[in-house]
Amino acid sequence: MSLQNASIKVAHFIIGGFDTVRKPIVIGAVILVTYLLALFANMANIMFIISDKRLHKPMYLLICNLAVVDILYTSSSSPTMIGVLLAGVNTISYVECLIQMCIFHLGAGMESFVLAVMGFDRLIAIIYPFHYRSYLTNTRTLVLTYFLWIVGWCFVSFIPATVVPLPHCTSRLKYAFCDYAAVIRTTCVDPEMYFNFAATIAFIILFSTFILICLSYCGIFCFVKLSSRNEKRKMWSTVVSHLICVIIHYCPAFIHMVLTRFGVVLTLEERQGLLIGAVISPCLVNPFVYCLSTKEIKNKIFKIFRKREERLIGSENPLPGLKVQGSNPLVYW
């Protein structure tokens, strides 16, 4: 029987990645809470940066772009997983699956690109602090950001170009949502060639951006050796947040997308766990890391809570000139 005769016309895919999960409601609730926290934290970062003109600087524009990427990345798959686990909606249309697949891989690629540019930004800020604003202006940062999005879309364009012409022999996805590997496994062709092609693209993106980040840190380390102890402390405080984000993004990505191509055998559950962790963890950790480590954003958050506390104290003590018992001793009304 030929492939054309064995193939079927797929209008919907059935998501079967969670069929063997013992406690779907618990896992779905965890993903839901994590997704909502990631959305709230990233949107808060974007609003803080957009609303404050003092934060319209290259570093904060890059943080804002990272927040946009994180929202896109986690939103590409989390709602589907939540729907399967909590609502039992385990079908997705063919077109929606292709869109989800493209957005998911675009988010993964853009995460690497943005972290590489942010590493280069820290290198310039530390080695050339007095020329930083002249080297990396807001206009150049925005042009570089647009260029990265164009490059990201160019890399992702191979996904629909290779998937759409293929005949499908099944409509059941083995994974938790639509990604390239899951959809290719539903086709009637030998997936090995397509997996190797996708692994090559992933290898180029991951290792090229990772090498750029490593070169940036090598330059920073060489410069730090020549600096005083006080300067070293200040430099590490600006680098540690970026280093945390790099580790969280690249570790599961290397294990899942690269090492498995070199003989590391993972079960279906382990693959799905790594894939879900690779999507959710960076999108949740990144905004909190930059909120807590960036002085301007942290001060803005504290200022908002301080104003809220003052309003609450004022509502409890409407009489002017009176001091509220047990309140902040520096606040008088």
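Reader: Are C97 and C178 buried or exposed?
Author: C97 and C178 are both buried. The word means under 20% relative accessible area, while exposed means over 50% and partly exposed is in between (1.4 Å probe, protein chains only). Before we go on: this is a predicted model, where local features need pLDDT of at least 70, side-chain atom pairs count only at pLDDT 80 or more, and totals for chains, interfaces and linings use all residues. Residues are numbered from 1 along each chain as its sequence is written, and side-chain values use heavy atoms, with hydrogens and water left out.

Reader: What joins C97 to C178?
Author: A disulfide does, with 2.0 Å from S to S. The cut-off for a pair of cysteine sulfur atoms is within 2.5 Å, so a distance of 2.0 Å qualifies. At -115° about the S-S bond, the link of C97 and C178 is left-handed.

Reader: How many disulfides does the rule give?
Author: It gives two. The other one joins C169 to C188, with 1.8 Å from S to S.

Reader: What makes the disulfide of C169 and C188 right-handed or left-handed?
Author: The torsion about its S-S bond is about 120°, so this disulfide is right-handed. It also links distant parts of the chain: C169 is in the loop between α8 (158-163) and β3, and C188 is in the loop between α9 and α10 (192-225), 19 residues apart.

Reader: Why is H249 called buried?
Author: Its relative accessible area is 4%, so it counts as buried. H249 lies in helix α11. Leaving aside its neighbours within four places in sequence, H249 is in contact (heavy atoms within 4.5 Å) with A108, E111, S112, L115 and P282.

Reader: And why does V246 count as buried?
Author: V246 has 6% relative accessibility, so it counts as buried. V246 is in helix α11 too, which covers residues 229-258. With neighbours within four places set aside, V246 is in contact with L115 and I213.

Reader: What kind of aromatic pair do F104 and F177 form?
Author: They are 5.0 Å centre to centre with 65° between the planes, an edge-to-face pair. Rings of Phe, Tyr and Trp (its six-membered ring) pair if their centres lie within 6.5 Å, and planes under 30 degrees apart count as stacked, over 60 as edge-to-face and the rest as tilted. F104 is in helix α5 and F177 is in the loop between β3 (172-173) and α9 (180-184), 73 residues apart. Both residues are buried. Ring pairs link Y73, F104 and F177 into a cluster.

Reader: What makes β2 an edge strand?
Author: Three strands form an open sheet in the order β2-β1-β3, with mixed pairing. The edge strands, β2 (91-93) and β3, each pair on one side only. Two strands pair if DSSP finds at least two bridges between them. Strand β1 (residues 12-15) and β3 pair in the parallel sense over two bridges, so they meet that rule.

Reader: Which residues of the largest nonpolar core touch the most other members?
Author: Of its 82 residues, these are F13, M110, L173, Y180 and V183. Helix α5 (residues 94-127) gives the most to this core, with 17 residues. Such a core is a set of buried Ala, Val, Leu, Ile, Met, Phe, Trp, Tyr and Cys residues joined through side-chain atoms within 4.5 Å.

Reader: What makes helix α4 mostly covered?
Author: Seven of the ten residues in α4 (residues 78-87) are buried. Among them are M81, I82 and V84.

Note on methods
Helix = DSSP H or I, 4+ residues; strand = E, 2+ residues; numbered from the N terminus.
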